[in-house]
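Subject: Structure for your review

Dear colleague,

Please find below the structure that I am handing over to you. I would ask you to look at it first and then to read the notes that follow.

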Amino acid sequence: MYGMHVHETVIANNEVESGITIHYVNEEYDAGDIIFQASCGISKNDTPEMLAEKVHKLEYEHFPR
């Protein structure tokens, strides 16, 4: 699962947090060892678009490091 589908599913499941995981690259998608994780809270009023913005903020902050 990728893109907006992730955020829509997270909101539909009433999750309280979401975030990013940065992996080492290997032959399988998202299967490399984990380098770093960061999370953000989800409010009851968040839309998938609002959640996407929060997650993108985490990506912009942490991927360059």
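A salt bridge is counted here when a side-chain nitrogen of Lys or Arg lies within 4 Å of a carboxyl oxygen of Asp or Glu. By this rule, the count for this predicted model comes to one salt bridge. Its partners are the side chains of D46 and K54, with 2.6 Å from N to O. Are these two residues buried or exposed, or something in between? D46 has a relative accessibility of 8% and therefore counts as buried, since the cut-off is under 20%. K54, at 29% relative accessibility, counts as partly exposed.

The overall layout is as follows. The chain contains two helices and two strands, and their order along the sequence is α-β-β-α. The C-alpha trace spans about 35 × 25 × 15 Å along its principal axes. The chain has 65 residues, of which 25% count as buried. Its accessible surface comes to about 5,100 Å², and carbon and sulfur atoms account for 51% of that surface. Among contacts between residues at least 6 apart in sequence, 46% join residues at least 24 apart.

The largest nonpolar core consists of nine residues, namely V10, I20, I22, A38, C40, I42, L51, V55 and L58. At least two residues of this core come from each of β1 (17–23), β2 (34–41) and α2 (48–62). The largest share, three residues, is supplied by α2.

Which residues does C40, a member of this core, touch beyond its neighbours within four places in sequence? C40 is in contact with V16, E17, S18, L51, K54, V55 and L58. K54, one of these contacts, is also the salt-bridge partner of D46.

Setting aside neighbours within four places in sequence, H62 contacts I20, I22, F36 and A38. Of these, I20, I22 and A38 belong to the core described above.

Finally, there is the surface. Y24, I35 and F36 make a nonpolar patch of about 310 Å². I35 lies in strand β2, and its relative accessibility of 44% is the reason why I35 counts as partly exposed.

Yours sincerely,
A colleague

Methods:
Residues numbered from 1 in each chain as written. Predicted model: local features only at pLDDT ≥ 70, side-chain atom pairs only at ≥ 80, totals over all residues. Heavy atoms only, no water. Core = buried A, V, L, I, M, F, W, Y, C linked by side-chain atoms within 4.5 Å. Buried < 20%, exposed > 50% of the residue type's maximum accessible area, 1.4 Å probe, protein only. Helix = DSSP H or I, 4+ residues; strand = E, 2+ residues; numbered from the N terminus. Contact = heavy atoms within 4.5 Å. Patch = residues over 30% accessible without salt bridge, like charges linked within 9 Å, V, L, I, M, F, W, Y side chains within 5 Å. Areas by Shrake-Rupley, 256 points an atom, 1.4 Å probe, with all protein chains shown as cover.
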